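Thank you for sending the model across for comment.

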Amino acid sequence: MNKTKKIVLAEDNSVLSLLLKFRLEKEGYKLLIAVDGKQAIELIEEHSPELILTDIMMPFVSGLEVISHVRNKLNMQTPIVVFSSAGQEEIVLKAFDLGATDFMSKPFSPHELVIRVKRLLINI
């Protein structure tokens, strides 16, 4: 039996994070929820998740800083999916420059996220 894959979700919208947690845990993943980038980094360092989902705009530490920390300080190749509201193309490009794996524009369908998560974790 495969060990349960861990996902860190950094999202300051608690309604969205609870919805995504519910959907992804139903698929058999273990979700670790962070309400800001600082907490996300702590969870990533402690748990070494198989996947990171992060909003870009968060208090204290942004999603961009999370990506940079994971890639440059921790030297982890963990897939990172970023969420961003429409109209933030420059920030999205910056996220990819920093090492983001995939991007989803808010609002997005939780079903689509589940499909993308499965695709990213299929070989891990």
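**Notes on helix packing**

1. The crossing of H1 and H5 is right-handed, a crossing being right-handed if the near helix is turned clockwise from the far one by less than a right angle, and left-handed if anticlockwise. The axes of these two helices come within 10 Å and cross at roughly 50°, where axes are lines fitted to C-alpha atoms over the stretch in contact and angles run from 0 to 180 degrees between N-to-C directions. H1 and H5 are therefore oblique to each other, given that angles under 35 degrees count as roughly parallel, over 145 as roughly antiparallel, 65 to 115 as roughly perpendicular and the rest as oblique.

2. The model is predicted, so local features need pLDDT of at least 70 and side-chain atom pairs count only at pLDDT 80 or more, while totals for chains, interfaces and linings use all residues. Residues are numbered from 1 along each chain as its sequence is written, and side-chain values use heavy atoms, with hydrogens and water left out. Helices (H or I, at least four residues) and strands (E, at least two) are DSSP runs numbered from the N terminus.

3. In the contact between H1 and H5, Leu19, Leu20, Arg23 and Leu24 of H1 meet Pro110, His111, Leu113, Val114 and Val117 of H5, contact meaning heavy atoms within 4.5 Å. By class, this contact has seven nonpolar, one polar and one charged residues; Ala, Val, Leu, Ile, Met, Phe, Trp, Tyr, Cys and Pro count as nonpolar, Asp, Glu, Lys and Arg as charged, and the others, Gly among them, as polar.

4. Ser17 is also found in H1, which spans residues 14–26, and at 5% relative accessibility Ser17 counts as buried (under 20% relative accessible area, with exposed over 50% and partly exposed in between, for a 1.4 Å probe and protein chains only). Residues up to four places away in sequence aside, Ser17 touches Leu9, Glu11 and Ile33.

5. Arg116 lies in H5, residues 110–121, and its side chain makes a polar contact with the side chain of Glu112 at 2.6 Å. A polar contact is a pair of N or O atoms within 3.5 Å; within protein, one must be able to donate a hydrogen and the other to accept it, and residues adjacent in sequence count only if both atoms are side-chain atoms. A polar atom of the Arg116 side chain also lies 2.9 Å from the backbone oxygen of Phe103, and Phe103 is one of the residues that Arg116 touches, together with Asp102 and Met104, when residues up to four places away in sequence are not counted.

6. The axes of H2 (residues 37–47) and H3 (residues 63–73) come within 9 Å and cross at roughly 25°. That makes H2 roughly parallel to H3, and the crossing is right-handed. Gly37, Ala40, Ile41, Ile44 and Glu45 in H2 meet Glu65, Val66, His69 and Val70 in H3. The residues of this contact divide into five nonpolar, two polar and two charged.

7. The axes of H3 and H4 come within 9 Å and cross at roughly 10°. That makes H3 roughly parallel to H4. Leu64, Ile67, Ser68 and Arg71 of H3 make the contact with Ile91, Lys94, Ala95 and Leu98 of H4.

8. At the start of H3, a side-chain oxygen of Ser62 reaches to within 3.3 Å of the backbone nitrogen of Leu64, and H3 is followed by Asn75, whose phi is positive, near 50°.
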